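Colleague: I am new to this structure. Could you take me through some parts of it?

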Amino acid sequence: NRPEKKNAMGPAAWKEIIPLFDEIQNDDDILAVIMAGEGKDFCAGIDLIGMGGEVPSLKTWDFSAGGTMKLFKAIFPLQDTMSCIERCSKPVICAMHGFCIGAGLDMASACDIRLASSDTKISLREAAVAIVADVGSLQRVPHIIGQGLTRELAYTAKFIDAQRAKEIHLVNEVFADKEALLAGAKAMALEIAANS
């Protein structure tokens, strides 16, 4: 919920998702979950500047052997943030609109179902900023769209639109706009919740 930053994931996002999903998991009244972003975008990825205190290599851009080791150790808690979504026993629907970049795609790929509005632009962006997608996309996306398409997205860091995402089965359905997307996600959640 940082629309002024295109919902880029700063320290609070990486820390708050885990206890939030613990609550969801333990609340028997919750039968399905919708993940969406406030404002114009789903998520513009990791907040590189904001995360400098948590992951010093991002701040100093130190990719020496020592810097890389520090980065390696700092990545595990970030991976846990995405994995807690995947581990949730409640069906999780991702409602993407606007930008879904880097960590946004990590998050989306951890969800059970992905829906998009027609303005969605998706990128496995890490190669463009000289880092590796190391919090889940490279492990999860191939199971959704296959190895070849995943490698194309990872190596090129190009943007694909919602229609292309549907063609390659990254998203299940494309809606006209954010309002229709959220209504469609809610209808699907209610349909899921009606089952035993």
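Predicted model: local features only at pLDDT ≥ 70, side-chain atom pairs only at ≥ 80, totals over all residues.

Colleague: How many residues of helix α4 are buried?

Modeller: Eight of the eight residues of α4 (residues 103–110) are buried, where buried means under 20% relative accessible area with a 1.4 Å probe, protein chains only. Helices here are DSSP runs of H or I with at least four residues, strands are runs of E with at least two, and both are numbered from the N terminus. Among the buried residues of α4 are L105, D106 and M107.

Colleague: Changing topic, where is S123, and is it buried or exposed?

Modeller: S123 is found in strand β5, residues 121–123. With a relative accessible area of 1%, S123 is buried.

Colleague: Which backbone oxygen atoms does its side chain reach?

Modeller: A polar atom of the S123 side chain lies 2.9 Å from the backbone oxygen of A157. The side chain of S123 also reaches the backbone oxygen of K158, at 3.3 Å.

Colleague: Which residues does S123 touch, beyond those up to four places away in sequence?

Modeller: S123 touches C100, I101, G102, L105, A157, K158 and F159, with contact meaning heavy atoms within 4.5 Å.

Colleague: And where is I85?

Modeller: I85 is in helix α3, residues 65–87. I85 counts as buried, at 0% relative accessibility. Neighbours within four places in sequence aside, its contacts include F21, M35 and M107.

Colleague: Next, at what angle do α5 and α6 pack?

Modeller: Helix α5 (residues 137–145) and helix α6 (residues 147–156) pack at about 135°, with their axes 7 Å apart. The two helices are therefore oblique to each other; angles under 35 degrees count as roughly parallel, over 145 as roughly antiparallel, 65 to 115 as roughly perpendicular and the rest as oblique.

Colleague: Which residues meet there?

Modeller: L138, V141, P142 and I145 in α5 meet Q147, L149, T150, L153 and A154 in α6. By class, this contact has seven nonpolar, two polar and no charged residues. Ala, Val, Leu, Ile, Met, Phe, Trp, Tyr, Cys and Pro count as nonpolar, Asp, Glu, Lys and Arg as charged, and the others, Gly among them, as polar.

Notes: Residues numbered from 1 in each chain as written. Heavy atoms only, no water. Buried < 20%, exposed > 50% of the residue type's maximum accessible area, 1.4 Å probe, protein only. Polar contact = N/O pair within 3.5 Å; in protein donor to acceptor, adjacent residues only side chain to side chain. Axes fitted to C-alpha atoms, helices over the stretch in contact; angles between N-to-C directions.
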